[in-house]
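Reader: I am new to this structure. Please take me through it in short questions and answers.

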Amino acid sequence: MAVESPGVRTREEDREDSDARVIARSRDEPEHFAALFDRYADDVHRYVARRIGPEAAEDLMAETFMTAFRQRRTYDPARAGARPWLFGIATNLIGRHRRAEARRFKALARVPEPVPDEEPVADRAVARAGATEVRRELAAALAGLSARHRDVVLLVAWGDLGYEEAAEALGVPVGTVRSRLSRARSKLREALGGSDPTAFREADTHA
């Protein structure tokens with residue numbers, strides 16, 4: 001059985017620490033940053049794949065963690081959880097793919113049935129509201145949103161971020177998140193004939 005040298009921590013021990021402590025430790029011992037990848041790589045990959053497609057998701061997910069690693073010394077240690085930070089980086093990187101994202105939603109809006117072996121773009125949001133008949137309409141509506149409104153909608157609906165976490169990810173006040181969500185939801189409801197398939201977690205509105 002391998003014996004660890006005194007003072008050397010394992011990745012199992014890192015998993016027991018807060019994200020902030022892992023990042024702080026990784027400043028001098030970079031190998032500890034791998035614990036964040038273990039915790040959040042799958043979540044980031046799913047979020048990115050829903051937005052720009054599975055083909056580009058692997059590369060963009062890897063770039064998200066590479067960027068986070070380079071920026072780890074600027075991380076605010078007062079923020080125990082790094083998930084909003086990582087999703088903010090991923091969202092900024094998605095900004096380079098705005099046209100591809102819009103084309104993806106428009107294409108999905110024309111697909112009568114889900115593409116085999118690919119998670120339908122609206123499945124999660126639609127399933128939450130039990131409105132499977134609006135899958136194509138939702139894709140079209142998302143394509144019609146402005147980039148800043150689409151970012152906040154999908155961080156909440158697909159990234160599972162609360163309002164304060166979305167604000168942290170985007171670097172804007174919570175009030176701005178609320179305002180953008182309100183406008184985006186109004187546009188989505190209008191496009192979907194009054195239904196709201198995004199099913200935002202209302203409990204998170206009570207900051």
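Predicted model: local features only at pLDDT ≥ 70, side-chain atom pairs only at ≥ 80, totals over all residues.

Author: Residues are numbered from 1 along each chain as its sequence is written, and side-chain values use heavy atoms, with hydrogens and water left out.

Reader: What pattern does the protein chain follow along the sequence?

Author: Helices (H or I, at least four residues) and strands (E, at least two) are DSSP runs, numbered from the N terminus. The protein chain has eleven helices and zero strands. Read along the sequence, the pattern is α-α-α-α-α-α-α-α-α-α-α.

Reader: What percentage of the residues of the protein chain count as buried?

Author: A residue is buried under 20% relative accessible area, exposed over 50% and partly exposed in between (1.4 Å probe, protein chains only). Of the 207 residues in the protein chain, the buried part is 45%.

Reader: Is α6 roughly parallel or roughly perpendicular to α9?

Author: Two packed helices are described by the angle between their axes and the distance between the axes. Helix α6 (residues 98–110) packs against helix α9 (residues 147–157) at about 70°, with the axes 12 Å apart; axes are lines fitted to C-alpha atoms, for helices over the stretch in contact, and angles run from 0 to 180 degrees between N-to-C directions. Angles under 35 degrees count as roughly parallel, over 145 as roughly antiparallel, 65 to 115 as roughly perpendicular and the rest as oblique. Therefore α6 is, relative to α9, roughly perpendicular.

Reader: Is A143 buried or exposed?

Author: A143 lies in helix α8 (residues 135–144). Leaving aside neighbours within four places in sequence, A143 is in contact with A102, F105, K106 and R150. Because its relative accessibility is 14%, A143 counts as buried.

Reader: How far apart in space are A143 and A102?

Author: In sequence, A143 and A102 are 41 residues apart. In space, C-alpha to C-alpha, the distance between A143 and A102 is 5.1 Å.

Reader: What is the relative accessible area of T91?

Author: T91 is in helix α5 (residues 83–94). Beyond its neighbours within four places in sequence, T91 is in contact with Y47, R51, R98, D151, L155 and L170. T91 is buried, and its relative accessible area is 1%.

Key
Contact = heavy atoms within 4.5 Å.
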